[in-house]
Amino acid sequence: MKRAIERFEPALVSEHACWGHAGGEHFNDLLPLPYTEEAVEHLAARVRHVQDFLGRQVLVENLSSYFAYAASSLTEWDFLAAVVERSGCGLLLDVNNIYVNSVNLGLDAGRFIDCVPTEAVQEIHLAGHRRNRVGTRDLLIDDHGSAVCAEVWGLYRRAITRLGPVPTLIEWDTDVPALDVLVTEAFKADTILENARELAA
């Protein structure tokens, strides 16, 4: 990874705030951490180690979740802010993941965006998701396989209004549509970003 970064010189390097290894087993999924002071120290120490090894700052991305830990004592946004403060990393804000968690876990999506440390956010991701009916409730799956929904666009506008014009990527990895559909999605993001630049001027 270090050789690839040195060769291609990407503007940003990021990884999710998650775990995927325990007891000698590796899991093919992005699993959430408990939002505790102990987990803050655990993750921040590893982020510092990676940054020291790579010789550059990395961004930590919030992820979609399908369960929450009873042991969590912090909100997700306070957890990420503490990791930023103790490691010096930046944040990659995935707005679709915020919305997915708001439906799945009852997270306050607007408050997440309003409370995330402004100066730390260096990139934003948008994506589509799949809605599954489980018993009497909906469960959203972050599958990057459809257009960005109206609620996520609304949260994105809120984020850009607060954060300013942050570089934005639309993720569409499965059931990829015709190019004109992708261009239309990108144009929506560009329009919101341009409006933010005009307001800032």
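This is a predicted model: local features need pLDDT of at least 70, side-chain atom pairs count only at pLDDT 80 or more; totals for chains, interfaces and linings use all residues.
1. The largest pocket has a volume of about 440 Å³. Its lining is made by 18 residues, and those nearest the centre are Glu 15, His 16, Cys 18, Leu 43 and Arg 46.

2. Where the lining comes from. Strand S1 (14–16), helix H2 (37–54) and strand S4 (59–61) are the elements that each give two or more residues to the lining of the largest pocket. H2 supplies the largest share, 5 residues.

3. By class, the lining of the largest pocket has 13 nonpolar, 3 polar and 2 charged residues.

4. H2 against H3. Helix H3 (residues 76–87) packs on H2 at an angle of about 45°, and the two axes are 9 Å apart. An angle of about 45° makes H2 oblique to H3. The crossing of this pair is right-handed. On the H2 side the contact is made by Glu 37, Ala 39, Val 40, Glu 41, Leu 43, Ala 44, Val 47, Arg 48 and Gln 51, and on the H3 side by Phe 79, Ala 82, Val 83, Arg 86 and Ser 87. These residues divide into 8 nonpolar, 2 polar and 4 charged. Leu 43 is listed in this contact and also among the residues nearest the pocket centre.

5. H4 against H6. Helix H4 (residues 95–105) and H6 have axes 9 Å apart and pack at an angle of about 120°. H4 is therefore oblique to H6. Their crossing is right-handed. From H4, the residues Val 95, Asn 96 and Tyr 99 meet Glu 151, Val 152, Leu 155 and Tyr 156 of H6. The contact of H4 with H6 has 5 nonpolar residues, 1 polar and 1 charged.

6. H6 against H7. The axes of helix H6 (residues 150–163) and helix H7 (residues 179–200) come within 10 Å and cross at roughly 30°. Angles under 35 degrees count as roughly parallel, so H6 and H7 are roughly parallel to each other. This crossing, too, is right-handed. In H6, Trp 153, Tyr 156, Arg 157 and Ile 160 meet Glu 185, Lys 188, Ala 189, Ile 192, Leu 193 and Ala 196 in H7. By class, the contact of H6 with H7 holds 7 nonpolar, no polar and 3 charged residues.

7. A residue in two contacts. Tyr 156 of H6 takes part in the contact with H4 and in the contact with H7.

Definitions and conventions:
Residues are numbered from 1 along each chain as its sequence is written. Side-chain values use heavy atoms; hydrogens and water are left out. On a 1 Å grid over the protein atoms alone, a cavity is a set of points where a 1.4 Å probe fits but cannot get out, and a pocket is an open set with protein on both sides within 12 Å along at least five of seven lines; lining residues have an atom within 4 Å of a point. Grid points are joined across faces, edges and corners, and a volume is the space filled by probe spheres set on the points. Helices (H or I, at least four residues) and strands (E, at least two) are DSSP runs, numbered from the N terminus. Ala, Val, Leu, Ile, Met, Phe, Trp, Tyr, Cys and Pro count as nonpolar, Asp, Glu, Lys and Arg as charged, and the others, Gly among them, as polar. Axes are lines fitted to C-alpha atoms, for helices over the stretch in contact, and angles run from 0 to 180 degrees between N-to-C directions. Angles under 35 degrees count as roughly parallel, over 145 as roughly antiparallel, 65 to 115 as roughly perpendicular and the rest as oblique. A crossing is left-handed if the near helix is turned anticlockwise from the far one by less than a right angle, and right-handed if clockwise. Contact means heavy atoms within 4.5 Å.
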